[in-house]
Amino acid sequence: MKPSGVTIEPNGHFCSDCAVRGSAVCSSLDAAELREFEHLGRRVHFSSGETVFSEEDITTSFCNVLEGVMRLYKLLPDGRRQIVGFALPGDFLGMNLSGRHNFSADAIGAVIVCQFAKAPFSRFIEDRPQLLRRINELAVRELSQARDHMVLLGRRSPDEKVAAFLLGWRERLLALEEPSDTVSLPMSRQDIADYLGLTIETVSRTFTKLERHGAIEIVHGGISVRDPARVEALAAA
């Protein structure tokens, strides 16, 4: 059994110095509220492959991703895995109506989250409508991403699926990083296949095909977009 790589830092971090504060759930809070809010959270570190939470577990806490990438997935009755999304810094996870997690989350590489116990967090937001609005905004964004994913899984060719994934992922990274033609892909080809509803062989062949046609270049840890117009045309098909 793999030893746990989870470590927990003490409570009481300075939210004003948080790298993702501008895009995180707490971006709506003023300085006084942040001083109170920062004592609710604790930073939790997960090593690569560690489970952050599991599907159907009772929700006892919420988390805001600070660093790293997580794969979000559901296990089908026959044991197959359907990845429903990838969480990036600034994403807020755990809130749901059922009181149980409706998918599982694993760390892809090292991940740091700011974790909030459910009860004190719920009390904190009760008289802060601006924070509730921010949570609703994030929920709407998550719903939009889920709808886009449903379309992606529909009647689209492997080339179109991979191109749309690469462009969508690049857009999300651009919101966090400096503009670059290189798109970091921390997830595996199997992860991408499980997200797109394809086999790993099909994903690998499609990457090779796109590179052969000059649309992308496969580089260490990701791809470089060589012909954005070709990739965009495929994604829009």
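Buried means under 20% relative accessible area, exposed means over 50%, and partly exposed lies in between, with a 1.4 Å probe and protein chains only as cover. The model on screen is a predicted one, in which local features need pLDDT of at least 70 and side-chain atom pairs count only at pLDDT 80 or more, while totals for chains, interfaces and linings use all residues. Residues are numbered from 1 along each chain as its sequence is written, and side-chain values use heavy atoms, with hydrogens and water left out.

**The whole chain**

Begin with the cartoon of the chain, whose secondary structure comes to seven helices and ten strands; helices (H or I, at least four residues) and strands (E, at least two) are DSSP runs, numbered from the N terminus. The C-alpha trace spans about 55 × 40 × 30 Å along its principal axes. For 237 residues a compact globule would have a radius of gyration near 18 Å, and the 19 Å of the chain agrees with that; the radius is taken over C-alpha atoms, and the globule rule is 2.2 Å times the number of residues to the power 0.38.

Of the 237 residues, 43% are buried. Among contacts (heavy atoms within 4.5 Å) with a separation of 6 or more, 73% join residues 24 or more positions apart. Switching to a surface display shows an accessible surface of about 12600 Å², of which 53% belongs to carbon and sulfur atoms; such areas come from the Shrake-Rupley method with a 1.4 Å probe.

**First stop: E56**

Select E56, in the loop between β3 (51–53) and β4. Its phi is positive, about 80°, although E56 is not a glycine. Is E56 buried, partly exposed or exposed? E56 counts as partly exposed, because its relative accessibility is 47%.

**Second stop: the largest nonpolar core**

Next, select F86, F165, L166, W169, L185 and F207, which touch the most other members among the 32 residues of the largest nonpolar core. Such a core is a set of buried Ala, Val, Leu, Ile, Met, Phe, Trp, Tyr and Cys residues joined through side-chain atoms within 4.5 Å. The elements that give two or more residues to this core are β4 (61–75), β5 (81–87), α4 (158–174), α5 (189–196), α6 (200–212), β10 (222–225) and α7 (228–236). Which element gives the largest share? That share, eight residues, comes from α4.

Centre the view on F207 and display its surroundings: leaving out residues up to four places away in sequence, F207 touches V162, L166, L185, R189, I192, I216, I218 and I223. Apart from this core lies another, of 21 residues, including C26, L34, L66 and L138.

Now colour α5, a mostly covered helix in which six of the eight residues are buried, namely D191, I192, A193, D194, Y195 and L196. These buried residues pack against β4, β5, β7 (104–117), α3 (129–152), α4 and α6. Just after α5, G197 takes a positive phi of about 70°.

From here, move to S204 in helix α6. A distance drawn between the C-alpha atoms of S204 and A193, eleven residues apart along the chain, comes to 9.0 Å. S204 is partly exposed, because its relative accessible area is 29%. K209 also belongs to helix α6, and with a relative accessible area of 30% K209 is partly exposed. Between K209 and L166, 43 residues apart in sequence, the C-alpha separation is 14 Å.

**Last stop: F37**

Finish by selecting F37 in helix α1 (residues 31–37). Is F37 buried or exposed? F37 counts as buried, because its relative accessibility is 1%. With its neighbours within four places in sequence set aside, F37 is in contact with C15, C26, L29, F116, F121 and F124.
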